[in-house]
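Here is a short note for a colleague who is opening this structure for the first time. Please keep the view open and follow the points in order.

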Amino acid sequence: GYYLDIMTECVYSTSDYSDMVLLQSYSFNKDVDVQYNSTVGKFVGFTEFGVKQAEYLNKDQTRLLQLKAEVDRFCRHNAQNHDSALRDKA
């Protein structure tokens with residue numbers, strides 16, 4: 001069989017979330033083909049197929065803008081909720 005996975009991660013290391021990065025990776029059979037990185041602002045391909053996919057996906061400006069907005073809407077919002085819940089328990 002084949003294995004397809006899409007993983008979305010929010011990565012940060014500062015308490016003010018100024019370095020927040022959204023990573024969305026598309027993998028096939030556990031190899032990452034293409035990845036969106038909010039710091040770069042576009043998709044990057046890691047395989048021959050992934051490079052073609054990245055070229056195609058980067059033409060969709062609406063999609064790129066939506067993913068860029070996810071840093072604030074999804075990542076920062078959830079990080080703030082998660083971190084405040086942890087601090088309240090300490």
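**Notes on contacts, core and surface**

1. Start with Gln24. Leaving aside residues up to four places away in sequence, Gln24 touches Ile6, Met7, Thr8, Val34, Gln35, Tyr36 and Leu67. The model is a predicted one, so please read every value here as computed from a prediction. Gln24 is part of strand 2. Is Gln24 buried or exposed? Its relative accessibility is 13%, below the 20% cut-off, so Gln24 counts as buried.

2. Stay with Gln24 and look across to Tyr36. These two residues are twelve places apart along the chain, yet their C-alpha atoms are separated by 5.0 Å. Tyr36 is also on the contact list of Gln24.

3. Next, the core. The largest nonpolar core has 14 residues. Those with the most contacts inside it are Met20, Leu22, Val34, Tyr36, Phe43 and Leu67. Which elements give two or more residues to this core? They are strand 2, strand 3 (31-37), helix 1 and helix 2 (61-89). Helix 2 gives the most, with five residues.

4. Not counting residues up to four places away in sequence, Phe43 touches Tyr26, Val34, Gln35, Tyr36, Ala54, Leu57, Asn58, Arg63, Leu64 and Leu67. Ring pairs also link Phe43 with Tyr26 and Tyr36 into a cluster.

5. How many aromatic pairs does a search of the whole structure find? The search finds four. In one of them, the rings of Tyr2 and Phe28 have centres 5.5 Å apart and planes at 20°, so this pair is stacked. The pair links distant parts of the chain, 26 residues apart. Tyr2 sits in the segment before strand 1 (4-11), and Phe28 sits in strand 2 (residues 21-28). Tyr2 is exposed, with a relative accessible area of 73%. Phe28 is partly exposed, at 36%.

6. Compare Tyr12 and Tyr17. Their ring centres are 5.3 Å apart and their planes stand at 70°, so the pair is edge-to-face. Tyr12 is partly exposed, with a relative accessible area of 30%. Tyr17 is buried, with a relative accessible area of 5%.

7. Now the charged side chains. A search of the whole structure finds two salt bridges. One joins the side chains of Arg73 and Glu70, at 2.8 Å from N to O. Arg73 counts as exposed, at 53% relative accessibility.

8. The other salt bridge joins the side chains of Arg76 and Asp72, at 2.3 Å from N to O. Arg76 and Asp72 are four residues apart in helix 2, so they too are separated by about one helical turn. Arg76 is partly exposed, with a relative accessible area of 22%. Asp72 is partly exposed as well, at 47%.

9. Which residues make the nonpolar surface patch of about 310 Å²? They are Val32, Val40, Val44 and Phe46. To find Phe46, go to the loop between strand 4 (42-45) and helix 1 (48-57).

Notes: Residues numbered from 1 in each chain as written. Predicted model: local features only at pLDDT ≥ 70, side-chain atom pairs only at ≥ 80, totals over all residues. Heavy atoms only, no water. Patch = residues over 30% accessible without salt bridge, like charges linked within 9 Å, V, L, I, M, F, W, Y side chains within 5 Å. Areas by Shrake-Rupley, 256 points an atom, 1.4 Å probe, with all protein chains shown as cover. Salt bridge = Lys/Arg side-chain N within 4 Å of Asp/Glu carboxyl O. Phe/Tyr/Trp six-rings, centres within 6.5 Å; stacked < 30°, edge-to-face > 60°. Buried < 20%, exposed > 50% of the residue type's maximum accessible area, 1.4 Å probe, protein only. Core = buried A, V, L, I, M, F, W, Y, C linked by side-chain atoms within 4.5 Å. Contact = heavy atoms within 4.5 Å.
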